[in-house]
Amino acid sequence: MKILAIALMLSVIVVPAQAQRRAVRYLANYENEPYHFGFLLAFNQMSYTVKTTEDYQNMPLAADAWPSGPYSVSTTQNLYVYNVETQQTPGFTVGIIGSKRLGRYFDLRLIPSLSFSERKLRYDIAIKGKDGSIDMKSMTKSIGTTFVEFPLNVKYRSKRYNNIGAYVMGGINPKLDLASQKDNKETGADGQEFINNLVTKRFDVAGELGAGFDFYNQWFKMGVEVKMSYGILDIVKSEAFIYTAPIDQLRNKLFQVSLIFE
């Protein structure tokens, strides 16, 4: 029995070690090369982090803050926003990767990218008519987004096990929203333009954190990465308008799952 137990223990130790020695190590010198290039395909979910103005539910709006439609100053006595919440929508990202080796386990990556998505904010509004009636209405405002991004991050890799490696990353992401002003204005019956959507600033800088796995094969390395991105700048434009007046601060937020090929 003792001999059998010893034999089993040796098999548990030796067999995996032999299997590891027999494994074919693809791209054996990959980590020693100074530069790598590739591309990225990703699924994203964009939303906002909303900080509302204090006591915004009791903040009556000025006459020029009324939205278009049946609720005008002549028919509406008071208009209040009593709830604002963000809704996530799916999108996608494509990018080009340039990676510079900084050390045995560190890489510096620049990933110029285009991200497409749509953010939504839902407003619950109480409208008091001249006759004293109260009308409760929900409005969802969609904000189309096309970000030109330049993420610069540092990647810290673990020691490679056969053809698999893990890593964590972090960095900053300056971005420009090419569609931030699109569809913000409409033309009324009198021919005058008016704002009819949330108004945001084009430029933002985000901080990013993520983690992933690298898989090596004969021809290339594929990575699977998950990251969160949080906007640093307040992007709302302070205007006396129903959709911006209740918001004190508005920041971009993004969740992204990427496939990376190098």
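User: Why is R160 called buried?

Analyst: R160 has 10% relative accessibility, so R160 counts as buried. Buried means under 20% relative accessible area, exposed means over 50%, and partly exposed lies in between, with a 1.4 Å probe and protein chains only. This is a predicted model, in which local features need pLDDT of at least 70, side-chain atom pairs count only at pLDDT 80 or more, and totals for chains, interfaces and linings use all residues. Residues are numbered from 1 along each chain as its sequence is written, and side-chain values use heavy atoms, with hydrogens and water left out.

User: Where is R160, and what does R160 contact?

Analyst: R160 is in the loop between β7 (152-157) and β8 (164-177). Strands are DSSP runs (E, at least two residues), numbered from the N terminus. Leaving aside neighbours within four places in sequence, R160 is in contact with R25, Y26, L27, A28, E31 and Y216. Contact means heavy atoms within 4.5 Å.

User: What makes R160 and N163 a polar contact?

Analyst: Their side chains are 3.0 Å apart. A polar contact is a pair of N or O atoms within 3.5 Å; within protein, one must be able to donate a hydrogen and the other to accept it, and residues adjacent in sequence count only if both atoms are side-chain atoms. The R160 to N163 pair is therefore listed as a polar contact.

User: What makes R122 and E85 a salt bridge?

Analyst: The N to O distance between their side chains is 3.7 Å. A salt bridge is a side-chain nitrogen of Lys or Arg within 4 Å of a carboxyl oxygen of Asp or Glu, so the pair qualifies. R122 lies in strand β5 and E85 in strand β2, so the pair ties together parts that are 37 residues apart in sequence.

User: What makes K221 and E262 a salt bridge, and which network includes them?

Analyst: The closest N and O atoms of K221 and E262 are 3.0 Å apart. K221 is in strand β12 (residues 221-231) and E262 in the segment after β13, 41 residues apart. K221 is buried with a relative accessible area of 3%, and E262 is buried with 14%. Salt bridges that share partners join K155, D214, K221 and E262 into one network. The whole structure has twelve salt bridges.

User: Why are β1 and β3 called paired?

Analyst: Two strands pair if DSSP finds at least two bridges between them. Strand β1 (residues 35-52) and strand β3 (residues 89-101) have twelve bridges, in the antiparallel sense, so they pair. H36 stands opposite S99 in β3. β1 and β13 also run antiparallel, joined by 14 bridges, and L40 stands opposite I260 in β13.

Methods
Helices (H or I, at least four residues) and strands (E, at least two) are DSSP runs, numbered from the N terminus.
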